[in-house]
Amino acid sequence: MRGLTAALVAAVLVLGGCAGDRAPAGNGTPGDLAPSPGAGAATGAGSGSGDEPRGGTKSRPGPGTEPGTGTGPVAGNDPGAGLVELRVLADESLTEVLGTVEQGFEAHHPNIEVVLTYAEGGNLARRITGGESADVFATDDLFAMRTVTDAVQGADPAEEFGGGRLTVIVLPAAAEPKAAAAFVDFLREGAGQRILIDSGVERP
């Protein structure tokens, strides 16, 4: 009987020893080897190493620039910009010569446009003394010239050409006094003088 009991105890011990050689339950299982679900999500969401930008502002073209080019303001296309209008009241007897003068003067001064209004000299003188606005009065009528210079203060003859064949007066209320002065200067010399000589107003 004792021998049987000893054999059973030995068998139990042998079986217990074999069980102890095995890996503990729970170690090396797939669940222990896989990363925790929270670890990977935290790495992708808050690491800051992703390729997508975060909350950056996009550049916009400034006012007056062409979209997408970054160049300066788009230039406007205004062919009349800076054009000055010079109004000349002229005796109708001077139509031919002043028409040539107009072309020559505008060629030398492309920013000034000469606007000629022709009428009989005495009629123009009355209009000027009556308050009509103009920059220059051009006449070959001595009486018309004196009517204007006597009645309008400051309307002294700017220049006489050909012994009175042409008198040019810059009117005191001229809207464009610089352009009017340039007109007189043109007649005094160079191309303007040549026009007056060719037309017979001035002698060579």
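Reader: What share of the contacts in the chain with a separation of 6 or more comes from residues 24 or more positions apart?

Author: A heads-up to begin with: this is a predicted model, in which local features need pLDDT of at least 70, side-chain atom pairs count only at pLDDT 80 or more, and totals for chains, interfaces and linings use all residues. Residues are numbered from 1 along each chain as its sequence is written, and side-chain values use heavy atoms, with hydrogens and water left out. A contact here means heavy atoms within 4.5 Å. Among contacts in the chain with a separation of 6 or more, the part that comes from residues 24 or more positions apart is 59%.

Reader: In what order do the elements of the chain run?

Author: Helices (H or I, at least four residues) and strands (E, at least two) are DSSP runs, numbered from the N terminus. The chain has 8 helices and 5 strands. Reading from the N terminus, they go α-α-α-β-α-β-α-β-α-β-β-α-α.

Reader: How much of the chain counts as buried?

Author: "Buried" means under 20% relative accessible area, with exposed over 50% and partly exposed in between (1.4 Å probe, protein chains only). The chain has 204 residues, and the buried part is 27%.

Reader: How far apart are the end C-alpha atoms of helix α4?

Author: Helix α4 covers residues 95-108, so 14 residues. The expected span is 1.5 Å times one less than the number of residues. That should give 20 Å, and the end C-alpha atoms agree, at 20 Å.

Reader: Which elements are among those that cover the buried residues of α4?

Author: The buried residues in α4 are Val97, Leu98, Gly99, Val101, Gly104 and Phe105. What covers them includes β1 (84-91), β2 (112-119), β3 (136-139), α7 (177-188) and α8 (190-199).

Reader: How many aromatic pairs does the structure hold?

Author: Rings of Phe, Tyr and Trp (its six-membered ring) pair if their centres lie within 6.5 Å; planes under 30 degrees apart count as stacked, over 60 as edge-to-face and the rest as tilted. By that rule, the number of aromatic pairs is 2.

Reader: Which residues form the aromatic cluster?

Author: The rings of Phe105 and Phe183 have centres 5.4 Å apart and planes at 75°, so they sit edge-to-face. Phe105 is in helix α4 and Phe183 in helix α7, so this pair ties together parts 78 residues apart in sequence. Phe105 and Phe186 have ring centres 5.7 Å apart and planes at 75°, so they are edge-to-face too. The one cluster is made of Phe105, Phe183 and Phe186.

Reader: At what angle do α7 and α8 pack?

Author: Axes are lines fitted to C-alpha atoms, for helices over the stretch in contact, and angles run from 0 to 180 degrees between N-to-C directions. The axes of α7 and α8 are 5 Å apart, and the angle is about 60°.

Reader: Which residues of α7 and of α8 make that contact?

Author: From α7 come Phe186, Leu187 and Arg188.

Reader: Which elements do the buried residues of α8 pack against?

Author: In α8, the buried residues are Gly192, Gln193, Ile195, Leu196 and Ile197. They pack against α4, β4 (159-161), β5 (166-170) and α7.

Reader: How far apart are the axes of α5 and α6?

Author: Helix α5 (residues 121-129) and helix α6 (residues 142-151) pack at an angle of about 10°. Their axes have a separation of 8 Å.

Reader: Does that make α5 roughly parallel or roughly antiparallel to α6?

Author: Angles under 35 degrees count as roughly parallel, over 145 as roughly antiparallel, 65 to 115 as roughly perpendicular and the rest as oblique. So α5 and α6 are roughly parallel.

Reader: Which residues does Met145 touch, not counting those up to four places away in sequence?

Author: Met145 lies in helix α6. With a relative accessible area of 7%, Met145 is buried. Leaving out residues up to four places away, it touches Phe137, Thr139, Pro157, Glu160, Thr167 and Ile169.

Reader: What distance separates the C-alpha atoms of Asp135 and Ala180?

Author: Asp135 lies in the loop between α5 and β3, and at 3% relative accessibility it counts as buried. Setting aside neighbours within four places in sequence, the contacts of Asp135 include Glu85, Arg87 and Ala180. Asp135 and Ala180 are 45 residues apart along the chain, and their C-alpha atoms are separated by 6.2 Å.
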